[in-house]
Amino acid sequence: MIESYDLIVLGGGRAANLAIAAAKDGWKVALIERDRLGGTCPNRGCVPSKLLVGFADAARHVREAGRHFIDADYHGADLRKIFASVNEYIAGVDGRYQGRVGDAGVTLVRGEGRFTGHKRIEAGGRILTAEKIVIATGSRPNPPPYADLGVWTSDDLFPLAGDPPRSLLVIGGGVIACEMAAFFAAVGVGTTLAVRKDRLLGKEDPDIERVFQQEFGKYVRLCFGASLVDLSRSEDGFAATFETHEGEVTQVADRVLFAIGRTPNSESLDLAETGIRPDEKGFIPVNEHLETIVSGIYATGDVNGRHMLQHAAAQEVHFLRQKFLKGRTGPIDDAAIGHGIFSHPEVASIGKTEEELKERGTPYVAVFEDWLASARVEAMRIDYPRVKLLVSPEDHSILGCHLIGPEASTLLHQVITVMKLKNDVRELAETIFVHPALNECLLAAAVKAVDEVKKFRKK
Ligand SMILES: Cc1cc2nc3c(=O)[nH]c(=O)nc-3n(C[C@H](O)[C@H](O)[C@H](O)COP(=O)(O)OP(=O)(O)OC[C@H]3O[C@@H](n4cnc5c(N)ncnc54)[C@H](O)[C@@H]3O)c2cc1C
Ligand SMILES: NC(=O)c1ccc[n+]([C@@H]2O[C@H](COP(=O)([O-])OP(=O)(O)OC[C@H]3O[C@@H](n4cnc5c(N)ncnc54)[C@H](O)[C@@H]3O)[C@@H](O)[C@H]2O)c1
């Protein structure tokens, strides 16, 4: 028998909220999930990884207390307790979601979904169809090489089964690599990060990356230009050999974590059955209404490859909710989507980098300022925090803002708000900031950017 619904949501990550909202509005909704409800963010992504940041911050405060003339010795952290607390959080996620899904009257189908025909899906031994289908199947870690040796990806950390590492080799120089390495190094696990390129955080502004590398490298041993040529495992742990600029280098560690990007979960969906063709990386192309090439079938979140961020997935789900339930007609507007990197130091960014503006030939003025305008930063006795502001000399609009320093992602929200409401750097320059809040770094940069625009126009 074919079960007929108003809406099928395929993947119970962020899009579970769409299923719940539609069911509460009286729609007949099915939600298909093959694993734990809640998806990547609460089970094996943002939340557990950020719970670790709190422990790392506490450890760093003790280790760096001498900067404030405080006599403190760091004797290590109980990693078993740390991971037990994170695992406990994760253990409760699925049940909490199941309660919400059930209360809303959503039909929950546990099992892997795949298309067997036009708008027809098989899952958990059932056949379902609907006029509207939302594919929200997310992504997973790129498969690591040497998987048979028991190397880790981020999925192996959350939840962690077995003992925490005594030492760690992280391979990859992107967001996950830098967030995880920062945690382990801070709590006292000897951590090495090996990256193929000569820089970290490849998508960030180079000025910010330079500062990041300098500070991050105080805790994490860095190995640049390193291509893995061999990995072996013995009772003593792993031995990894890299080809580097200095010749072959071997790194030994108790555990190896690969953080080498993520792949969309699309290939097992048999999308050809319904006429959708993923791109060469497996992402499902959508238009500005998040609709695929097939009318009535939408794709949200990581699987469409637009952003691969939780708040972007949330915004897309909110957009579809408004479209389906409130009759919204316009396209999605995601011009003001920023991101934070919760490593140490913390990095946050929105808009274009200077490299991107140069490549596009977009006119801009750039300011790159320290945060010492704020006494709160002086009080922290650190001098590395920086803000980079890229502004259009034509209309004063903020083209990009890049921050590195404590609470960078929190500070970025003031810029996000200006960009969303009235994108003009003079709005920031004329705002009355609370003195001496950390945000004053933005005021100093904005005032300077307005000056730079004047100079640019005089040229
Ligand atoms: C370690 C880590 C840290 C992160 N930190 C951050 C952060 O700090 N900030 C941020 O913005 N983003 C972060 N992200 C990214 C963020 O987690 C993702 O962008 C977001 O969770 C994507 O949501 P989604 O709903 O698209 O997919 P998911 O949450 O992955 O949900 C997809 C769901 O679909 C299910 N599924 C897949 N295929 C099928 C199928 N065939 N049938 C049935 N069910 C299926 C999956 O089991 C999963 O539950 C992080 C990611 C990782 C891995
Ligand atoms: N704070 C956040 O917002 C946050 C945190 C974690 C993850 N995420 C999301 O998850 C995505 C995936 O994170 P990620 O760190 O896995 O990917 P990434 O794209 O940020 O970094 C991948 C890194 O792996 C390297 N690499 C790729 N293939 C390799 C190989 N075969 N051998 C060695 N190195 C290789 C790349 O050069 C790069 O340095 C991010 O792009 C982001 O969208 C976001």
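This is a predicted model: local features need pLDDT of at least 70, side-chain atom pairs count only at pLDDT 80 or more; totals for chains, interfaces and linings use all residues.
For the notes below I count Ala, Val, Leu, Ile, Met, Phe, Trp, Tyr, Cys and Pro as nonpolar, Asp, Glu, Lys and Arg as charged, and the others, Gly among them, as polar. Residues are numbered from 1 along each chain as its sequence is written, and side-chain values use heavy atoms, with hydrogens and water left out.

Entry 1, the largest cavity. By class, I find that its lining has five nonpolar, three polar and three charged residues. Among the lining residues I note Ser 49, Arg 60, Glu 179, Phe 183 and His 344.

I looked for rings of Phe, Tyr and Trp (its six-membered ring) with centres within 6.5 Å, calling planes under 30 degrees apart stacked, over 60 edge-to-face and the rest tilted; the search of the whole structure gave six pairs. Phe 83 and Phe 183 pair edge-to-face, with 6.0 Å between centres and 85 degrees between planes. Phe 83 and Phe 184 are stacked, at 6.0 Å centre to centre and 20 degrees between the planes. Separately, I recorded Trp 27, Tyr 298 and Phe 324 as one aromatic cluster.

My criterion was NZ of Lys or CZ of Arg within 6 Å of the ring centre and within 35 degrees of the ring normal. Arg 60 lies over the face of Tyr 219, 5.8 Å from the ring centre, and Arg 96 lies over the face of Tyr 89, at 5.2 Å from the ring centre.

Terms used:
Chains are lettered from A and ligands numbered from 1 in the order in which they are written. On a 1 Å grid over the protein atoms alone, a cavity is a set of points where a 1.4 Å probe fits but cannot get out, and a pocket is an open set with protein on both sides within 12 Å along at least five of seven lines; lining residues have an atom within 4 Å of a point.
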